[in-house]
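Here are some notes to read alongside the model. Please keep the 3D view open as you go through the points.

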Amino acid sequence: MKALKPILCALAGAFLMLSCARGLVPSQVKSVEGHMIPIRAAQPRNPEDIAFLAPYKEALDKQMDQVIACAASRMEVIPRIPENKLSNFAVDMLFDLVQAQTSEKIDLALMNSGGLRAPIQVGEVRIRDIFNVFPFDNRLALVWVKGKDLRSCLPAYLKRPNGLSHAGLKIVFENGQAQ
């Protein structure tokens, strides 16, 4: 167990050096070695590792526990139903965020609802809660699409089980078909 700390430090150091290296090409790699280190839930925690990580955990917890909003009601993740309180809130928030950070006029925002992974509880909302709702390192993309192209692809998305959440778009159905 005592060997775990130097291994973690060596891996972190190697990652930092290699990720920052410029011009590294496969022909420069001489060898790659490794072995599996089993991780078990019942494995005892090493007090030295806990002590080593404590200052980082404390600093991260301080940032993650900052209150950024207050929710008047619970917003639940509802699989396969893209139009719900949480997905509508999320896509509206992203729409407003992009609109505020660009000089372009944003007409609409689309988001697949399958990426939302945790509810927002009533009361204080912390940065940690937002990371739980959006646990993936996704990026926003601003794209220009002609109206006719958007109209041609939307029906396929509307038929999918998870569908799309949207802001700035009104979808009218006639005889079960999007118009």
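1. A term to start with: a polar contact is a pair of N or O atoms within 3.5 Å; within protein, one must be able to donate a hydrogen and the other to accept it, and residues adjacent in sequence count only if both atoms are side-chain atoms. With that in hand, look at N46, which caps the N-terminal end of α2: a side-chain oxygen of N46 lies 2.8 Å from the backbone nitrogen of E48. N46 belongs to the loop between α1 (4-20) and α2. N46 is also buried, at 9% relative accessibility; buried means under 20% relative accessible area, exposed over 50%, and partly exposed in between (1.4 Å probe, protein chains only).

2. A word on what you are viewing: this is a predicted model, in which local features need pLDDT of at least 70 and side-chain atom pairs count only at pLDDT 80 or more, while totals for chains, interfaces and linings use all residues. Residues are numbered from 1 along each chain as its sequence is written, and side-chain values use heavy atoms, with hydrogens and water left out.

3. Now the overall layout. The protein has five helices and six strands, in the order α-α-β-α-β-β-α-α-β-β-β along the sequence. Helices (H or I, at least four residues) and strands (E, at least two) are DSSP runs, numbered from the N terminus. Of the 179 residues, 18% are buried. Among contacts with a separation of 6 or more, 70% join residues 24 or more positions apart; contact here means heavy atoms within 4.5 Å.

4. Next, the largest nonpolar core. Which of its 16 residues touch the most other members? They are L86, M111, L116 and I120. A nonpolar core is a set of buried Ala, Val, Leu, Ile, Met, Phe, Trp, Tyr and Cys residues joined through side-chain atoms within 4.5 Å. Two or more residues come from each of α3 (85-101) and β2 (109-112), and α3 gives the most, with six. Not counting residues up to four places away in sequence, L116 touches V77, L86, S87, A90, M111, V133 and F134.

5. S87 is in helix α3 and S165 is in strand β4 (residues 164-167). Are they buried or exposed? S87 is buried, with a relative accessible area of 0%, and S165 counts as buried at 0% too. Their side chains are joined by a polar contact of 3.1 Å.

6. N84 is buried, with a relative accessible area of 8%. A polar atom of its side chain lies 3.1 Å from the backbone nitrogen of L86. Leaving aside neighbours within four places in sequence, N84 is in contact with E76 and I78.
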